[in-house]
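Welcome, and please get your viewer ready. We will go from stop to stop, and at each one you will be told what to select and what to look for.

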Amino acid sequence: MRELIVLVPHEAASRIRGSGSWGNVTFKVSAAQNAGYVHQISSGPDTVMLPVELQPVRRHFLNSGEIHCGGRWYRVGADLHVLWYLGRRRTTTLKLESFKAFVKSGFVHPGKAAYIAITHAPDAVDRIPGERLPALAAWHVGADGAAPLDIDCEPEVLGNEQLVQSWPLEYLKPSTVMVVGAGSIGGAAAHALATYGAGRLYLVDPDRLRWHNLVRHMCGPEHVGRSKVSAVRQDLELLRPGVEVRDFELDVAQDANQIRALLMSTDIVVGATDGVASRRVISHLARRARLDAVLACVLEDGALGEILRLRPWPDRGCLTCQRHALRGAGAIDPEPGIDAGYGTGSRHRPMTAVGADLHLVGQLAAKAAVATLLERRGFPDQQLPGDHAVIALRPQPGRAAPFDLTHTETIRWRPGTPPIPGCPTCEDP
Ligand SMILES: [Zn+2]
């Protein structure tokens, strides 16, 4: 059995920091996981126990744990935490008298009933050069001594904000990304975008999640029957609570007017639909809204992935123009194959692409969208090698360039191609 871990919610830690020199503590404990958290706490001679919430309140497994009373917290001298640190490394137990000597007041002798103690040493942090000692430590206090326990204190800031020093969140947080298509690729793209720190996502898809989607989708069976956009939104709200997710049960072609209105507050579009018509509509609407769009799909029954970045620039063509250039160069036009989808497992259309391959392509599309946003904000290290990437998932020989990849995980980038004269999407009306 692993040793006990003591979790200290932020609320409990700030109460300990802000009160006198000792108090009572009750824990909620899971014996199966050998884990517990500070569930109630009091301060000094005032014995009123105040409850502490462990987030997420309804879902954290410890909220249904068993209550253990009799715990204590103490204000202590900083050197006790040096002993806690050394004791943790050598798994040694401190003599009870030595432990007691560091406790400023309120010490309770364990007698026959051992208890868990949390010690607070505000000056301990820099006590050992090069090490960061905790201001709160945990102990198993029994008649034969005090044994250091594992402890984890909930940080004041959780989620993407923790990356603020190393990742340009300040530029991504105000960004809105529209993800059209909340299937296996779009769902994975949405998860990745939220994890990269995009502040707001618009999810657009008219379809419901069905049983046959589960083999490839990010969402689980609890969502079957629900719209895909609301299923992905709900999962993201639990996993990435800092991200605002709005779901729209809209069809990009039939509801183009509503999409157009949403594009006014969108910074970039990720297109992850598997129909030719919808991809063309995304290309057209994004171009007219002067927005970058990243189209992601899987081709040839899951053999290849593709990312196509469409820029609303005079020297770059829309989807139709880029496909035209591809055909002109002797390559296949993959669009008709995209219409076939990935199969439902029924007799008439077997399952093709593998879920994780679709997720990989969705994540690369999210990365391309985030890189595009950051490059626009002046991050030269976020420059993509081109606008069109072909990704080998299960490559087979004999395809025309640029689809002639031979090794799995090869990603080949090409530049975008210019518009065809007279293109109704690329030329201003
Ligand atoms: Zn065009």
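How many bridges join strand E5 to E6? Select residues 66-75, which form E5, and colour E6 too: four bridges join these two strands, which run parallel. Helices (H or I, at least four residues) and strands (E, at least two) are DSSP runs, numbered from the N terminus, and two strands pair if DSSP finds at least two bridges between them.

Before moving on, a word about what you are viewing. This is a predicted model, in which local features need pLDDT of at least 70 and side-chain atom pairs count only at pLDDT 80 or more, while totals for chains, interfaces and linings use all residues. Residues are numbered from 1 along each chain as its sequence is written, and side-chain values use heavy atoms, with hydrogens and water left out.

**Stop 1: strand E6**

Select residues 115-120. Six of the six residues of this strand are buried, so E6 is largely enclosed by the rest of the structure. Buried means under 20% relative accessible area, exposed over 50%, and partly exposed in between (1.4 Å probe, protein chains only). Tyr 115, Ala 117 and Thr 119 lie on one side of E6, with Ile 116, Ile 118 and His 120 on the other. Now click Tyr 74, whose bridge partner in E6 is Thr 119.

**Stop 2: helix H2**

Select residues 79-90. The buried residues of H2 include Leu 80, Trp 84 and Tyr 85. Just after this helix, find Thr 91, which takes a positive phi of about 45°.

**Stop 3: the zinc ion**

Which residues coordinate the zinc ion? Show Cys 318, Cys 321, Cys 423 and Cys 426: each gives its SG atom, at 2.2 Å. Donors are N, O and S atoms within 2.8 Å of the metal (3.2 Å for Na, K and Ca); water is not among the atoms, so sites may look incomplete. The angles among the four donor atoms are 102 to 115°, and the site is tetrahedral. Four donors count as tetrahedral if all angles lie between 85 and 135 degrees. Along the sequence, the donor residues are spaced C-x2-C-x101-C-x2-C. Cys 321 lies in helix H9 (residues 319-328) and Cys 426 in the segment after strand E16 (411-414), so this pair ties together parts that are 105 residues apart in sequence. Both Cys 321 and Cys 426 are buried.

Notes
Tetrahedral: all angles 85-135°; square planar, octahedral: opposite > 155°, others 65-115°.
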